[in-house]
Amino acid sequence: MSQFHQSRKYKPRRRDRLRPATTFRCTRCRLDVSMDAPGTAHRNHCPNCLWSRHLDDDVPGDRDATCGFSMEPIAISVRGDGEWVLLHRCTGCDEIHLNRTAGDDNPLLLLRMAIRPLAQPPFPLELLSGL
Ligand SMILES: [Zn+2]
Ligand SMILES: [Zn+2]
């Protein structure tokens with residue numbers, strides 16, 4: 001009889017079930033970001049400031065990393081199909097991750113990052129006119 005009462009007591013209720021998180025708070029600009037991102041299955045950076053967090057280990061979305069430090073967006077790379085990829089460097093352990101850009105990423109910040117090397121060339125651009 002007491003056993004019956006116990007099993008009733010510990011029956012899982014609907015609100016006890018674990019649900020995957022639907023938002024995260026950006027460590028950089030404190031924006032609450034929805035996990036749903038247009039154009040990618042795993043939202044892994046803030047669309048407002050493009051900063052990320054070191055949560056994934058080898059596979060995007062695995063959440064296996066123990067680091068947890070903020071990851072700074074440092075550069076844009078372009079894949080063969082023309083897709084833009086963001087390079088993030090971890091401020092804690094210097095690991096670099098490649099992340100697909102999302103459809104709602106801040107276009108001004110993306111462009112600013114893409115033209116930064118041209119704005120600060122390591123040689124005078126006038127040299128090119130002499131070639
Ligand atoms: Zn942010
Ligand atoms: Zn790290």
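Where does Met35 lie?

Modeller: Met35 lies in the loop between β2 and β3. The model is a predicted one, and what follows should be read as a description of that prediction. Met35 counts as exposed because 12 C-beta neighbours lie inside 10 Å, and a residue is taken as exposed at 12 or fewer. Leaving aside neighbours within four places in sequence, the contacts of Met35 are Ala21, Thr22, Thr23, Phe24 and Arg43. His45 is ten residues away from Met35 in sequence, and the C-alpha to C-alpha distance between them is 9.6 Å.

The loop between β1 (23-25) and β2 (32-34) holds Arg30. Its phi is near 65°, a positive value in a residue other than glycine. Most residues other than glycine have a negative phi. Arg30 is exposed, with 10 other C-beta atoms within 10 Å. Asp94, in the loop between β5 and β6, also has a positive phi near 65°. Asp94 counts as exposed too, with 8 C-beta neighbours inside 10 Å.

Four of the strands form an open sheet in the order β3-β4-β5-β6, with antiparallel pairing. The edges are taken by β3 (52-53) and β6 (96-100); each has a single partner strand, so one side of each is left without a neighbour in the sheet.

The loop that holds Met35 runs between β2 and β3, and β3 pairs with β4 (residues 70-78) in the antiparallel sense over two bridges. Arg53 stands opposite Ser70 in β4, while Ser52 has Met71 in β4 as its bridge partner. The pairing of β4 with β5 is antiparallel as well and extends over seven bridges. In that pair, Ser77 stands opposite Val85 in β5. The hairpin of β4 and β5 has five residues between the strands, and Gly82 in this hairpin takes a positive phi near 90°.

Helix α2 (residues 107-119) packs on the sheet, where it touches β4 and β5 (84-90). The direction of α2 makes about 70° with that of β4. From its first C-alpha to its last, this helix of 13 residues reaches 18 Å, close to the 18 Å expected at 1.5 Å a residue. A kink of about 30° lies at Met113, shortly before the proline Pro117. Although α2 packs on the sheet, the helix is hardly covered, and the count of buried residues among its 13 residues is zero.

Two totals complete the description. Of the 131 residues of the protein, 12% count as buried, where burial requires 20 or more other C-beta atoms within 10 Å. Among contacts with a separation of 6 or more, 32% are between residues 24 or more positions apart. To return to the part you asked about, Met35 is an exposed loop residue whose contacts beyond four places in sequence include Phe24 and Arg43.

Conventions:
Residues are numbered from 1 along each chain as its sequence is written. Chains are lettered from A and ligands numbered from 1 in the order in which they are written. This is a predicted model: local features need pLDDT of at least 70, side-chain atom pairs count only at pLDDT 80 or more; totals for chains, interfaces and linings use all residues. Two strands pair if DSSP finds at least two bridges between them. Two residues are in contact if their C-beta atoms, placed from the backbone, lie within 7 Å. Axes are lines fitted to C-alpha atoms, for helices over the stretch in contact, and angles run from 0 to 180 degrees between N-to-C directions. The expected span of a helix is 1.5 Å times one less than its number of residues. The bend at a residue is the angle between axes fitted to the seven residues ending there and the seven starting there.
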